Amino acid sequence: MKKLFIKTHGCQMNFYDSEKMVDLLKPHGYQLNNNVEDADIIVLNTCHIREKAVEKTYSELGRIRDKIALRKEKTGKDSIVAVAGCVAQAQGKEIMRRSPWVDIVVGPQSFQNLPELIAKVDPIKKNKHVDINFPVIPKFDQLNHEVRDRGPSAFLTIQEGCDKFCTFCVVPYTRGAEYSRPVKSIIDEAKKLIDAGVKEITLLGQNVNAWNANGPNKKKWGLGRLIAELAKIKDLEFIRYTTSHPLDMDLDLIEAHRDIEKLMPYLHLPLQSGSDNILKLMNRKHTTKQYLKVIEKVRHYKPDIAISGDFIIGFPGESSRDHESTINVINEVQYSQAYSFKYSIRPGTPAAIYYNHVDEKVKSSRLQEIQEILREQQMRFNKNSIGSTLKVLVLKHGKKNGQYLGRSPFNQSIYFNSEELNLIGSTVDIDVTEAFQNSLTGKMKINKCI
Ligand code: 5AD
Ligand code: SF4
């Protein structure tokens, strides 16, 4: 077997793609290996969403150059270097110009061609291969869906790309137009994951709740209906999905939170800004009022649901009043946890040429203020879990002896101890005893049957 090393940056969809690359290359004699120094092929799967993505890629490629030179010196062996992901899509051939030791550049919609591209690499001629096409035949139809051991929790990409064109975002350019995978292909892959021992599936998409396709009776299905179908798979115990757009939260999906026990009470719903002026400049296509209405409706159907979100701080033109509006909405929603980022210019996006950029220092202080509020809300949410009993999927061993790490229905990390050896992949009841900023601890309830 030849050795494959993959380094992944960015979102869960990139991690899913990397898993797929491993599956894809396995029949071609490549086995995943954690040692970059002895890899026959090194894949760098990149992310372009925020700050300094391009620079980070080039400095990582610099380190890779040193590693492959060392290997050549020690063993005489050549390594193949491939750059994949959204920076590959955006930069194309430029990567080879700046880092001539790179052999392959492959975009997120064409990495199914990796085996062919690798076969074409000739270490003597040092020929280069770039494939950043958006193919006519969807990549999912060409990927190997044989599943290796994934552990108890796995990702499943059901939708890709975005037609919303928020003015700050590179996704519509790097991942392309919205595409929804057909029902059958999703169900087949889910069943394979379950057969491989997976208990929890997180459905992925840049706009996952925009997913729609024809059901078996040619009726249009949305995400709520798809989740109902997936819930019928016997050994699938937990279903999650991310990331959603407020305007695509239809009633079917909201009702699914009430009706489908396997669907976890957690919703990641980015708002980006709590000011309608800024939302307009961002081309988000919704107002804060509409967002709050969605939250109200979701909470009406599923009162204990945990709400998470994304915020961009210091978007061009953001005034202190806009910033206050964001704080007000955050206080109104009360998030269980949320992500916030300083706005960063993405070349080629409409906001990059807006003229009234916010001063870096102002951005930093606003970010700090918002993160402090979000941290308090997360702490409060976690503290509220103390004294409750949560159904927890055990994911892996913790760092300490006898310690396990699991995930609560509300997406909290939860640590507990047990003498039992083989708990990974099982579902246990945990009495929560302590709460921290990013995790909980608890005691496992003794199962009376044992
Ligand atoms: N600057 C800062 N944050 C961004 N995001 C997307 N584009 C940018 C940008 N140019 C954030 C959004 C999105 C998350 C994945 O990344 O909040 O929801
Ligand atoms: Fe980017 Fe907006 Fe599409 Fe989300 S909805 S992927 S932020 S363009």
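A search of the whole structure, which is a predicted model, finds seven aromatic pairs. One of them joins Phe311 and Tyr335 in an edge-to-face arrangement, with 5.4 Å from centre to centre and 90° between the planes. Because Phe311 belongs to strand β15 (residues 306–313) and Tyr335 to the loop between α13 (320–333) and β16, this pair ties together parts that are 24 residues apart in sequence.

**Aromatic rings**

- Both Phe311 and Tyr335 are buried.
- The pair of Phe381 and Phe410 is edge-to-face, because the ring centres lie 5.9 Å apart and the planes stand at 80°.
- Phe381 sits in helix α14, whereas Phe410 sits in the loop between β18 (403–407) and β19 (413–417), so that this pair ties together parts that are 29 residues apart in sequence.
- Phe381 and Phe410 are both buried.
- A cluster linked by ring pairs is made up of Phe168, Phe315, Tyr343 and Tyr354.

**Surroundings of ligand 1**

- The backbone of Ser344 contributes an N or O atom that lies 2.8 Å from a nitrogen atom of ligand 1.

**Surroundings of ligand 2**

- The residues around ligand 2 are Cys162, Lys164, Phe165, Cys166, Phe168, Cys169, Val171, Pro172, Asn207, His245 and Arg284.
- Sorted by class, this shell around ligand 2 consists of seven nonpolar, two polar and two charged residues.

**Arg346**

- With a relative accessible area of 5%, Arg346 is buried, and its side chain reaches the backbone oxygen of His48 at 2.8 Å.
- When neighbours within four places in sequence are left aside, the contacts of Arg346 are with His48, Ile49, Arg50, Glu51, Lys52, Ala53, Phe168, Val170 and Ala352.

**Thr242**

- Thr242 lies in strand β13 (residues 238–242) and counts as buried at 11% relative accessibility.
- The side chains of Thr242 and Thr243 make a polar contact at 3.0 Å.
- Apart from neighbours within four places in sequence, Thr242 is in contact with Gln12, Thr202, Leu203, Leu204, Gly205, Val208 and His268.

**Cysteines**

- The structure holds zero disulfides; for Cys11, the closest cysteine sulfur is that of Cys47, and because the two sulfurs are 6.2 Å apart they are too far for a bond, the cut-off for a disulfide being 2.5 Å.
- Cys11 counts as partly exposed at 36% relative accessibility, whereas Cys162 is buried with a relative accessible area of 10%.

Note on methods
Residues numbered from 1 in each chain as written. Chains lettered and ligands numbered in written order. Predicted model: local features only at pLDDT ≥ 70, side-chain atom pairs only at ≥ 80, totals over all residues. Heavy atoms only, no water. Buried < 20%, exposed > 50% of the residue type's maximum accessible area, 1.4 Å probe, protein only. Near = heavy atom within 4 Å. Nonpolar A, V, L, I, M, F, W, Y, C, P; charged D, E, K, R; others polar. Helix = DSSP H or I, 4+ residues; strand = E, 2+ residues; numbered from the N terminus. Polar contact = N/O pair within 3.5 Å; in protein donor to acceptor, adjacent residues only side chain to side chain. Contact = heavy atoms within 4.5 Å. Phe/Tyr/Trp six-rings, centres within 6.5 Å; stacked < 30°, edge-to-face > 60°.
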